[in-house]
Each structure stands twice: as C-alpha cells, then as structure tokens.
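Work through the exercises below with the sequence and the model in view. Each task is followed by a solution in steps.

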2 protein chains.
Amino acid sequence: MNRSAMAFLPVSEEEGLTLDELAYRRLSRALVTGAMLPGDRLSIRGVAAALGVSSMPARTALQRLAAEQAVDLLPSGTAVVPRLTRAGFAELSAIRAELEPLAVRLAAPHLTEADWTRLAALISAHDTARGAGEAEAIQAADRDFLFLIYRAAQAPLLLGLIETLWLRRGPLFGAIRGLSGALGGMRHRHGEILASLRERAGEPAAALLRSEIEEATRFIQSTLRFEDDDTAAERLAAIGQLNAHPLDREPTSLSHHRRRRSRGT
Amino acid sequence: MNRSAMAFLPVSEEEGLTLDELAYRRLSRALVTGAMLPGDRLSIRGVAAALGVSSMPARTALQRLAAEQAVDLLPSGTAVVPRLTRAGFAELSAIRAELEPLAVRLAAPHLTEADWTRLAALISAHDTARGAGEAEAIQAADRDFLFLIYRAAQAPLLLGLIETLWLRRGPLFGAIRGLSGALGGMRHRHGEILASLRERAGEPAAALLRSEIEEATRFIQSTLRFEDDDTAAERLAAIGQLNAHPLDREPTSLSHHRRRRSRGT
DNA sequence: ACAAGAGAAATGTGATCACACTATGAACCG
DNA sequence: CGGTTCATAGTGTGATCACATTTCTCTTGT
C-alpha cells in the first residue's frame, strides 16, 4: 500500500481506545480528509505496519469500513479506496440530498443557545479560512458546522448513515486537491441555515441545505473530470473493440458476494 | 445466546461462499425474518457453535452487522439484537420514507417488461398469502416486490443502505408476531405503485410508496407497545427516584466508542 | 522490442491460543 | 433468612501461524 498516504496521523485523544477503534478512526480520518487517493490499495498487513498494530485490528477496521461501503473490495478481498464515477457521485449526492435535510429538520427543535453561538463561530472560521485560502480549514469548518447540527438531531441511526456517506465522499476531495481553484466557486448557505434554525424553522433550513447540496453537486459535476470520463477502456469501446467495460463497472450491491476459492473439500 | 433462534437455516446456494459470508448471511436472514428477538445476545463463540464454524468467521460477521448498525454493541463489546424504542422506530421510518421513494424514482426508467410481470406476480402472491393468513409469506412477497424495484435502481450504495434499514427493522416484526391480528390492518399500495411504474411515472410511484410507509408507521405506532413504554425505569422516574434513564438511552452514534479496559500499557 | 511464462513475494482466510475483564453462581458470614 | 464475597465459567481483544491464492517481477523466447 501507499505508505506515505498514512503520514497524516492527527493523534488526539486516542488513548484508552481499543486497537480496533484506533485503527478504524485513523483510517476513517484519512478517508474523510481526502488523504487517501481513489484506487489506493489497503492491505491488511500494510495498514497494520503503517499504524503500528498487528494484523488483527487492521483487519477488523478494514472489514468495518467495507461494511459501511467506505471502501470497495476487490474480488481477492483486498480493500481499495473507491474511485467515484460520475454515476456514483450522482447517486451519493442524491442520497445526501435526502438524508442531511432530514437531519436538519429533526435537529431544529433541539438546538440550544450554546449551539447557535458555536455554529456562528464555525461560519466565521469558514470565512477567515477562505480569506487565507486554506482549503483544508474551509472543509473542516463546514464539516463541523453540519455535523454539530446532525448530532443535535439525536438520531443515532441517521447520524451513522450520514457519516458513512461522508466517508465515501472523502476520497473525491483528495482527487480534487490541486485542482485548487475549483473550490473557489463553491458557496455555502450556512448563514441562512443558521438564521432559519434560530427561529426553529426546521423545514426552511432543510430546504436550504438541500439546495446547497444540489448546487455543489452540479458545480462539481460540471467542473471535475471523473474516473470514468474518457478512460482508455471507453475510448476503445467507442472504436468498437469492446462493448463491456469491466473496469468501470460498479460492484453490485455491497460487492460482498465473493466466491470462495477451492480449499479443503 | 438463544440457541433455538438459530434453527431457521434456509440453506440455499451457500456453497462456495467464504465462511465469513456464510455466517453473515445466516445471521442477516435471521434478523430480517424476525427470527431473532430484541434483546437476544449474540456472543462470538455462541454463534460460532450455532453455525458450526470457528470463532473467526462468527466474529467477522458480527462486526460487520455492528458496522451496519444491524445489531447494537454492549459496553462489553457483546452484540445484542436491538430493542426498538418508540423514538428509534420513528427515526427508522423517517429514513425509510426518504430513501426508499428515492430508489423507486431512480428505478422507474430502468424497469423492463419482464420486471413488470414479475412484480404483478408478487402482488398476486401477496394476495393469496393474505387469504391464507400466512404472515410470513405476506412479508416475503412484499419484501421481494420492493427489493426487485430497489435493485433495478442500479444504485449500489443506496441499495446497501436500504438493506441496512431492513436489517434493523427485522427484529421488530419478530416481536410483533403473535400479536397476529395486528398485521391485518395494514394495506399496501403496491398495485397503484406498479401501475405508475408501468407508465414510467417515477415521481408518483415514489409518492405512493412514501405514503405507504408513513401509513404503516402510524399504524404500528398506534398499535404496538414498545420496549420503552412504561418500563420499570420510567415508572421510577415518574416517582422522582431517577431523572436520567440510563437503560433507555440510545447508544451514541454507532456506539463504537467503547473505552478500553486497562491492560498492558 | 515485446509478449508470455516461471518464480517469488505478498495477500486474505481461517484456526487457535493467551489474556484480562465480566457476570453468574454458590458458599459464607452476619 | 438476607447480604456480601469469592471462585468459576464465559466474554471480547489481540497475537500468531499455516495455507491457498493472487499479484508482481524478472526472465526467457520469438
């Protein structure tokens, strides 16, 4: 595996955790922050060595990520950071556009005064980060803003699903990085959302978030080149050499349907 | 663990699978069909023995189910079939009401003539099962009807999420069983949905499914006694002995945040 | 120069074991 | 008889090993 991709390691409050948990959190963080690039292979022994743990916790963490669809599984069982195709990104965005507004709606009645000031602070953090051109800090502020709301929804199942979606979305931003200027075009509506939430107007706040997600999706789709745009396989297919694109095909369902290689009886 | 709960075992096409997969599938099936009751403990060695495999596959399968939130984890790490509280059920239903209609919308353009006839057959199967009063067959027919559509959406991520939700919902129906007559009051709208889909009218079909889910939810909420209704802890709290309900509290997020017990530093 | 094949390294699966912790029971003391 | 204590069985965590398969690399042949 790509060792250098592991070098982020924001060691924080990780003491007292199970090694399973520790491995999972570090891998998760690597995924959401975009430290892992699409296509990176994550082998058990590889992440074990990179994280300084034995294979057992690494194995557990990878299986958990696979179960959450945060990583894909090759037929051999090796985990690989998903390559988001154009269709895949559209699907991901459509799901987010349903679930995250729901969380906002549920959160509206539960937000406290303290939450509002914290949210306002995160908007300020976003603005200063944007002024300084620090892409990483911008994303962090936005993410914290939204997840503070999502947590307030007091809907653990929903929160887990949303976390899953962000895990899957992360690698895309790793691919974006360097395409720098791209992010400049994206505006958020967090100010308006906060204003609505202050008035306990959950429905309008949800609608605002939904349109924010849809706008961002359209922008990214029009700006970014996806993995399945104009690949070698596709060019060949256009010529007529191939009619199926085995490389581009999305794994069916959870891609957990692997057959076993013949072993003892 | 409850050994007898394992006795269903619809061994079918399970050859050639990884032992991990086999264990996972059997447990999944036990959950969705309602064979497992809320509160059942699933220990690693227990399911290993019940499934006739070693602990390793059992462990993997349980961790995977935990990652999908299909089971909860006690602080000790033991998996337990979730007890759906009233709030939890409301949350689950709200999520379903967002995601499943989305799947219908996405599926509409992809359904073929063959799908339509298969769907019509499943509606018939539902009706005859209802006539015979076979609750199990009714549920199976409904489930197959919906998932045939969901699969046609060609949205693997979405399909995985929906499967997760059904996994979580399963145990509730195990609890319902015996309350027999309860199901009699539930009507579905699959006929109307199919009619809409035949006309490629995805949006109306989605709206129909949404209201079907909402109706069923309201019905169940008004009919069923939930685990958190009138518990001992709640009665005590009413008296003023307790103000917090540690027993009823939902685990935060994925409940994966367990602290490690002190071991070698 | 390029493709095919053989060997070597790496990989996931699965089993088994040791360890610390938890819960459950019985025995014991008041 | 009731409450406490202690031993025992059971639990998840983690490590390590064997094995068949996959994947890479280097060589070889044309």
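Predicted model: local features only at pLDDT ≥ 70, side-chain atom pairs only at ≥ 80, totals over all residues.

**Exercise 1. A second pair in a helix**

Task: State how many residues separate R96(A) and E100(A), and in which helix they lie.

Solution. 
Step 1. R96(A) and E100(A) lie in helix α4 (residues 86-107) of chain A.
Step 2. They are 4 residues apart, so about one helical turn separates them.
Step 3. The two form a salt bridge, with 2.7 Å between the closest N and O atoms.
Step 4. R96(A) and E100(A) are both buried.

**Exercise 2. A pair from distant parts of a chain**

Task: Find which helices the salt bridge between E203(B) and R105(B) links, and which network includes this pair.

Solution. 
Step 1. The side chains of E203(B) and R105(B) form a salt bridge with an N to O distance of 3.7 Å.
Step 2. This pair links distant parts of the chain: E203(B) is in helix α9 (residues 202-223) of chain B, and R105(B) is in helix α4 (residues 86-107) of chain B. The two residues are 98 residues apart.
Step 3. E203(B) has a relative accessible area of 49% and is therefore partly exposed. R105(B), at 27% relative accessibility, also counts as partly exposed.
Step 4. Salt bridges with shared partners join E98(A), R210(A), E214(A), R105(B) and E203(B) into one network.
Step 5. Over all chains, the structure holds 18 salt bridges.

**Exercise 3. A glycine in helix α2**

Task: Locate G46(B) and say whether this residue is buried or exposed.

Solution. 
Step 1. G46(B) is part of helix α2 (residues 44-51) of chain B.
Step 2. Its relative accessible area is 13%, so G46(B) is buried.
Step 3. A58(B) is 12 residues from G46(B) along the chain, and their C-alpha atoms are 8.6 Å apart.

**Exercise 4. Chain A as a whole**

Task: List the elements of chain A in order and describe its burial and contacts.

Solution. 
Step 1. Chain A has 10 helices and 3 strands. Read from the N terminus, the order is α-β-α-α-β-β-α-α-α-α-α-α-α.
Step 2. Chain A has 265 residues, and 51% of them count as buried.
Step 3. Among contacts in chain A with a separation of 6 or more, 73% are between residues 24 or more positions apart.
Step 4. The accessible surface of chain A is about 12,500 Å², with 53% belonging to carbon and sulfur atoms.

**Exercise 5. Confidence in chain A**

Task: Identify where in chain A confidence is lowest and where it is highest.

Solution. 
Step 1. The average pLDDT of chain A is 80, and 75% of the residues score at least 70.
Step 2. Confidence is lowest in helix α10 (residues 232-239) of chain A, with a mean of 44, and highest in α4(A), at 96.
Step 3. The pLDDT is below 50 over residues 1-12 of chain A, a stretch with 22 contacts in the model beyond near neighbours in sequence.
Step 4. Residues 232-257 of chain A also have pLDDT under 50, and the model gives them 35 contacts beyond four places in sequence.

Technical notes: Residues numbered from 1 in each chain as written. Chains lettered and ligands numbered in written order. Heavy atoms only, no water. Buried < 20%, exposed > 50% of the residue type's maximum accessible area, 1.4 Å probe, protein only. Contact = heavy atoms within 4.5 Å. Areas by Shrake-Rupley, 256 points an atom, 1.4 Å probe, with all protein chains shown as cover. Salt bridge = Lys/Arg side-chain N within 4 Å of Asp/Glu carboxyl O. pLDDT = per-residue confidence, 0-100.
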